[in-house]
Amino acid sequence: MPIKVSSVSADTAAAAAGIAEGSSILSVNGFEISDSIDFMFAASDAILEIHFLDRSGRSHDTEIVREFGEPLGLSFEQITPVKCPNKCIFCFLDQMPRGLRPSLYVRDEDYRLSFLFGNFITATRLSDGDIDRIGQLHLSPLYISVHATDPIVRARMLQNPEAPPILPILSRLAEAEITIHTQIVLCPGINDGEVLKRTISDLISLAPQVATIAIVPVGLTKHRAGLPEIAPVTSEYARRLIEEMRPIQAAIEADLGEKSLFLSDEIYLIADEALPSVDEYGDFEQIENGVGLTSLFLSEVEEALAEIHPAASGNSLHGVILTGGLAAPVMSEVAEGINQRLGINLRVIPVANGFFGESVTVSGLLVGSDFHVAISGAELSRDELALIPDVALECEGEAREGDARRFIDGMTLGELKEKTGATVLVAPVSGSDFVYFLRDYLASV
């Protein structure tokens, strides 16, 4: 199938060549185009012979000659994702209440989105042709959820008896020199212990193509009626896991000369253990998976504060930082340093998750009603700010912007402000951006 053009920027090579919104690209330099990835690779040359259909279906051929790095100005319709065939025992989509916006229930299992956006896939839908295409186009890196290399345990966790063994797939990708980042969602009593050790050993045997392994704790909400029983990752369990993994991590680093096995920040925070230093996370390949995010945040805050002149005297700015229970101790430490440097008065309020259940303690899963309860209960004075994390709202530009941005429960930022009457500000989650955001706000009042 050809790909459809969703927009064409004015005064660009594509616009000059007569390609318009609604056109369908059939081929570039004789290479048949089936999606935006094909176009990305085929359109890298300086001279492009493009065969396309206009929106009325008429066929056209055009030539584009461009300077190196000059953008074509084309945007394409989003890839329709391949759907996941699994029914994972821990899948978060099955643990959400009904009635939320449809996009929150999409199960994608598409290697193209893994390459483009870092989405994790189980690779259960990869055909031989897909693997050949991945190798031919060198779609690297890919992000793959392994969970267990034992085929029986893995099939049980995916609730898919037809799931193919993962190791042959990973081996073929490794032979094609594809870099692979893997994750293990750890479910106590199911894929831990000897099963976990075997999984780590099998994955490390494919290094350096299997570049990283991240162990993340299973997330359990209160909406699990009818789902398989899974034990939570407790503080005691997390502490034992950290101790168990330390010698394995050290042995892997000694053998490979670099760190490859990581525990997510959540495991250290649940255990109330010190996080590894920022220089122990390499290039932060799995930061979107919560691996190294907290250490990087703290490091960025420290560096940003060092660049700011300390306040000469106290400032009248007061406010609260609203965050998930897991991050509250870290944010309290951050607030103390910011208060001293900027001469302001911020305090941290942990927000209980009433929507998903109090066992869910990450900030990104807090919803509008949770913030409403927390702000109302805080009894803020008129001049106090309420800072909420940007990560709790849908992405800017995803669908809505500004006060129209929505929380997972559908409440908009504007509605939260109206319900509470508070001065609610959306704060960035990058450490340096957070500090500069406060500095700039302070300068504006």
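Arg198, at 40% relative accessibility, counts as partly exposed, a class that lies between buried, under 20% relative accessible area, and exposed, over 50%, as computed with a 1.4 Å probe on protein chains only. The model is predicted, so that local features need pLDDT of at least 70 and side-chain atom pairs count only at pLDDT 80 or more, whereas totals for chains, interfaces and linings use all residues. Residues are numbered from 1 along each chain as its sequence is written, and side-chain values use heavy atoms, with hydrogens and water left out.

The side chain of Arg198 meets that of Asp202 in a salt bridge, at 3.5 Å from N to O, where the term requires a side-chain nitrogen of Lys or Arg within 4 Å of a carboxyl oxygen of Asp or Glu. Both residues lie in helix α7 (residues 193–204), four residues apart, about one turn of the helix; helices here are DSSP runs of H or I with at least four residues, numbered from the N terminus. Asp202, at 18% relative accessibility, counts as buried. Elsewhere, salt bridges that share partners join Asp35, Asp38, Asp110, Arg112 and Arg133 into one network.

The structure holds 23 salt bridges, and two further pairs can be followed in the model. Arg58 pairs with Asp54, the closest N and O atoms being 3.2 Å apart; Arg58 is exposed, with a relative accessible area of 56%, while Asp54 is buried at 15%. Lys87 pairs with Asp94 at 3.3 Å between the closest N and O atoms, and here Lys87 is partly exposed at 40%, whereas Asp94 is buried at 16%. Side chains of opposite charge can pair when their charged atoms come close.

Leaving out residues up to four places away in sequence, Leu173 touches Ile131, Ile134, Leu142, Ile144, Ile178 and Ile180, contact meaning heavy atoms within 4.5 Å. Arg156, found in helix α5 (residues 151–158), is in contact with Ile89 and Ile190 once its neighbours within four places are set aside. The C-alpha atoms of Arg156 and Ile190, 34 residues apart along the chain, are separated by 9.2 Å.

How values were computed:
Helices (H or I, at least four residues) and strands (E, at least two) are DSSP runs, numbered from the N terminus.
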